[in-house]
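Hello,

Here is the structure I promised to pass on. Please open it first, then read my notes below.

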Amino acid sequence: MDRVSWRTQVLKNHLTQAPSPETPSLSPTPCLNYSPPELAESTHFDTSEMRKLLDGHNLQERDWLYGLMIQSKLFNPRRLGGRVFVSPDYNQSMEQQREMTMKRIDYLLETGVFEGWLTGKTVEEELRKFALLEVAGMFDHSLAIKLGVQFFLWGGAIQFFGTERHHVKWLRDTENYVVKGCFAMTELGHGSNVRGIETVTTYDQRAREFIINTPWESAQKYWIGGAANHATHTVAFSQLNINGINQGVHAFIVQIRDADGNICPNIRIADCGHKIGLNGIDNGRIWFDNVRIPRENLLNSVADVSPDGEYLSAIKDRDQRFAAFLAPLTAGRVNIAVSAIYSAKIGLAIAIRYALSRRAFSIAPNQPEVLLLDYPSHQRRLLPLLAKTYAMSFSANHLKMIYMKRTPELNKTIHILSSAFKASFTWHNMRTLQECREACGGQGLKTENRVGHLKSEKDVQSTFEGDNNVLMQQISKTLFAEYLAAQKRKKPFNGLGLEHMNGPCSVIPQQLPSTVLRSGHFQVDAFHVRERDLLNCFAEEILQRQARGEMKEHALLSSYQLAEDLGQAFSERCVLENFLEVEENSPAGSLKDMLALLRSMYALTCMEEDASFLRYGYLSTENAAAVRKEVAILCSELRPHALALVSSFGIPDAFLSPIAFNWVDANSWSSVQH
């Protein structure tokens, strides 16, 4: 009996009250019986080895901190569906969330988590700090940001902008939370444009003190994490005016509260108020009313003022001094890029596990309903994002390692890569969380299931530490400068991975069968063709505008569309090359084969999604269709490995959510009574 006839018979029997042997008896259906996906899904590669590639370092320390958090009541453990889950209680008021953040920090301090975070001298100690901060952020973004302000912004400013006298006085007390610091750079009137901040500092030669002042309302410090409630000190960024000459932006240590928490004289502080996320952070606003600070509170690694008021700096050029001030701040962008990928991992692990146990609709009468992840459309929604997350995870590790090995010669590379990855990865994270939220249906709306709330918690990443669109234009501006330098010197490109510009341009084949599309050589060639052509077009457009009399800066701003295309091309090419390096360094076997599948999914998804490949003719319409078809095939090939791929993230069950496991029991009446 076909489905239409069957439905007609059911309706007839219902209306005539006649019994029907065709009507199935009421009984539990497969969609109402949770079945762990592990029972049906097999693993074809070593997930522990894959986790080593993804996390990169300090796996034991990560697992140690996961355990510390899961076992403490401070991390809000709840039992649902026979499992314990930890996540912040977002039903708490803003004030309660802030106090819980500090209580959790006190607990982590007591258990030795922060040991060596500022006083450690080795790369190993710095990697441990990054790893443990990443784990903290997987529990709660507010907790990670609060720690980031204390150790990377306030503490990092003292480390990098200060000298020995500052290190001795402040670093250990900061590590032990005797001093609670914040970082006052952003103002109401200036965010990304740090050079334009309006706070002014002058020097009183007789008293040998600096006087820091907020001259008008747009100069108030804004969004300063920690300022509203807890911080005792801040690093305040200000224009330094010596003898009537503005020497540019400098950094000063200013005490804003005493040991009892009272606001210091001539300091005014207000709360920024409730936010769409991060309410565990006490963001505040600060006004300085001619506050006097000791001369020694100038962080003087780049420039100093002598007791008699003479301005001293080995760097005479103001632009170079400004760049030297900003160079150490790349740690913030490194952290944000990495944090975004761990957030995407949480969303994907939850959504994919749910899709491997939740069923919807049957495709034939009396047949079981179909698992969500067995629908090709559902695979298409999640699996390309999974491959991108893998690719970006490897590049996040690469970025961390070059940051650890930083030298003055690497500063430009670190700045450009951290800007590119910060923008690309945070945009990817927001898109991934939205797709995962929708893929979980109504369950994705529940705060306890994490995905929806992670969106509001992570939204800020697109704008803090640099607006993503501005960062993309900065990248293209740097690439343009490299182009001009190569033309002027008549020397090859050297650095930023632009060496591919030196040889002949690659040619994309007219026919793209599957074997070619999946070739790493072809994928790199395609990405090189795009980046090379976009850089040439971008440079040509700017030079033409300048030839017509436009100022260089105006020409750069007017070419923003090409600038954004070029920034994306640069970022995606770097990610692909880093992925290939991980793949090439892996021994032959099932793990390497899986990496090849993921790499092809990443590369072809980028080619499908970026209109540049069609807009500028790098792919014909026929080849673009072939790419799209291949992505669908790759989805079906990755589907059997989906559970193993998210299991390789190494995220403890407690850090996921109830719908990732037995969502029937977690929503049962007994769970309500409990």
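One definition first: a residue counts as buried when its relative accessible area is under 20%, and as exposed when that area is over 50%. Keep in mind that this is a predicted model.

Start with Lys400. Is Lys400 buried or exposed? Its relative accessibility is 1%, so Lys400 counts as buried. Look for Lys400 in helix 10, which covers residues 376–404. Which residues touch Lys400, once neighbours within four places in sequence are set aside? They are Asp55, His57, Arg62, Phe130, Glu134, Val334 and Val338.

Now the whole chain. The chain has 674 residues, and 55% of them count as buried. It holds 23 helices and 13 strands. A compact globule of 674 residues would have a radius of gyration near 26 Å. The chain has 28 Å, so the two agree. Along its principal axes, the C-alpha trace spans about 105 × 65 × 50 Å.

Next, the surface and the charges. The chain exposes about 29200 Å². Carbon and sulfur atoms supply 53% of that area. There are 71 positive and 74 negative charges. How far apart are their mean positions? The answer is 1 Å.

One stretch carries a label from a record. UniProt, in an unreviewed entry, places the feature "domain: Acyl-CoA oxidase/dehydrogenase middle" at residues 182–291. In the model, this span is 46% strand and 0% helix.

Last, two residues to check by their backbone angles. Most residues other than glycine have a negative phi. Arg208 is not a glycine, yet its phi is positive, about 55°. Find Arg208 in the loop between strand 4 (200–204) and strand 5 (209–213). Glu465 is not a glycine either, and its phi is also positive, about 60°. Glu465 lies in the loop between helix 12 (451–458) and helix 13 (468–489). How accessible is Glu465? Its relative accessible area is 26%, so Glu465 is partly exposed.

Best wishes

Key. Residues are numbered from 1 along each chain as its sequence is written. This is a predicted model: local features need pLDDT of at least 70, side-chain atom pairs count only at pLDDT 80 or more; totals for chains, interfaces and linings use all residues. Side-chain values use heavy atoms; hydrogens and water are left out. UniProt positions are given in the numbering used here, feature names are shortened, and annotations may be inferred rather than shown by experiment. Helices (H or I, at least four residues) and strands (E, at least two) are DSSP runs, numbered from the N terminus. The radius of gyration is taken over C-alpha atoms; the globule rule is 2.2 Å times the number of residues to the power 0.38. Buried means under 20% relative accessible area, exposed over 50%, partly exposed in between (1.4 Å probe, protein chains only). Accessible areas come from the Shrake-Rupley method with a 1.4 Å probe; for residues, only the protein chains shown count as cover. Lys and Arg count as positive and Asp and Glu as negative; His and the chain ends are not counted. The place of a charge is taken as NZ of Lys, CZ of Arg, CG of Asp or CD of Glu. Contact means heavy atoms within 4.5 Å.
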